[in-house]
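Please report on the strands, aromatic pairs and surface of this chain. Keep it brief.

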Amino acid sequence: MVLEHPGVEGAVRDAELPDVSRYIHGYSEPEQERLSRMQRLVNEAELQALDLAGVRLILDVGAGLGQMSRVLARAAGPDARVVGVEREPRQIREAQRLSEAAGESHLVELREGSAESLPLAPAEWGSFDLAHARFLLEHVGDPLVVVKQMVAAVRPGGRIVLLDDDHDLLRIWPPLPAVEHAWEVYWRSYARLGTDPLVGRRFAALLHQAGAPAVRITSVFYGACAGTPLFGPVVDNLGGVMAGAADGLDEARLLPRDVMDAALRALDAWRLDPAATVWYSLPFAEGRKPVG
């Protein structure tokens, strides 16, 4: 079996691999809880990279649990309207539960639908000030189709904002070979789904091809070192991602479960090192739809 980078060299060549959902993490309760914690960690950092001045109509594509959708609504002000699109009913139900618990059900209109074919009324196309997608493009078969939909949804001069992963950017110090190996097997396994775990590095190209050239690229830092408040949550999230993928990797014969379990034990021991550091950045890009 040969695992290659999807979107770079090609896809996995093994006819015997199981047919699985393109959302590699699944929808279990522990995964929902991990997603919720991770979203809270990233929200404020991403918001600092956004300029919402003059933005009133926002489309959040791949809204997931709706937490960032609500952050966008609050930050844009009381006159803002946010439409969140999510394909998975389980995510929508949980998003509604969370928004109701927070007393914020009024902030976002959630719609079930596909990012590749947005559920917009004819009058809504070409009307949004901002189209936003986070942690979405790594899970779709053709990211360009999604970005083109986002460009079509915004008005002339409107903005398209993308934030996603480039999983090869993870660095751990002191080195932790067992974890680094398991992490690489995990992200390379995206190839069996035909998706791209390195999609963040392609943002400028995708925006250019979709007709909304990039006007800004940067990154949102998602790392921490021992002794800082974010270190525990960041390491917990890293371990949660790996643990959530363990059964699937074992079933696909990519990484035996006992090897993953050993890597997770090594991570737990490593986190006690006062020098322990996780370096990780989330690529961020903004494109603008031409006027005229």
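Which residue in β4 does Asp60 stand opposite? The residue is His132. This is a predicted model.

**Strands**

Start with strand β4, residues 128-134. This strand is mostly covered, with 7 of its 7 residues buried. Two strands pair with β4, and they are taken in turn here. Strand β1 (residues 57-61) runs parallel to β4, and 4 bridges join them. Asp60 and His132 face each other in that pairing of β1 with β4. Strand β5 (residues 154-163) is also parallel to β4, and this pairing has 6 bridges. Here Ala131 has Ile160 in β5 as its bridge partner. Between β4 and β5 the chain passes through helix α4, residues 143-153. That β-α-β crossover is right-handed.

The two pairings can be set out as follows.

| Strand paired with β4 | Residues | Sense | Bridges |
|---|---|---|---|
| β1 | 57-61 | parallel | 4 |
| β5 | 154-163 | parallel | 6 |

**Aromatic pairs**

How many aromatic pairs does a search of the whole structure find? The search gives 4. One of them is Tyr186 with Tyr190, an edge-to-face pair. Their centres are 5.7 Å apart, and the angle between the planes is 80°. Both Tyr186 and Tyr190 are buried. Ring pairs also bring in Trp183, which forms a cluster with Tyr186 and Tyr190.

Now take Phe231 and Trp270. Their ring centres lie 5.9 Å apart, with the planes at 40°. Phe231 is buried, and so is Trp270.

**Surface**

Which residues make the nonpolar surface patch of about 390 Å²? They are Trp173, Phe221 and Trp279. Phe221 sits in strand β7, residues 214-221. Is Phe221 buried or partly exposed? Its relative accessible area is 43%, so Phe221 is partly exposed: the value falls between the 20% limit for buried and the 50% limit for exposed.

Terms used. Residues are numbered from 1 along each chain as its sequence is written. This is a predicted model: local features need pLDDT of at least 70, side-chain atom pairs count only at pLDDT 80 or more; totals for chains, interfaces and linings use all residues. Side-chain values use heavy atoms; hydrogens and water are left out. Rings of Phe, Tyr and Trp (its six-membered ring) pair if their centres lie within 6.5 Å; planes under 30 degrees apart count as stacked, over 60 as edge-to-face and the rest as tilted. Buried means under 20% relative accessible area, exposed over 50%, partly exposed in between (1.4 Å probe, protein chains only). Patches are made of residues with over 30% relative accessible area and no salt bridge: like charges are joined within 9 Å, nonpolar side chains (Val, Leu, Ile, Met, Phe, Trp, Tyr) within 5 Å. Accessible areas come from the Shrake-Rupley method with a 1.4 Å probe; for residues, only the protein chains shown count as cover. A salt bridge is a side-chain nitrogen of Lys or Arg within 4 Å of a carboxyl oxygen of Asp or Glu. Two strands pair if DSSP finds at least two bridges between them. A crossover is right-handed if, with the strands pointing away from the viewer, the path from the first strand over the helix to the second runs clockwise.
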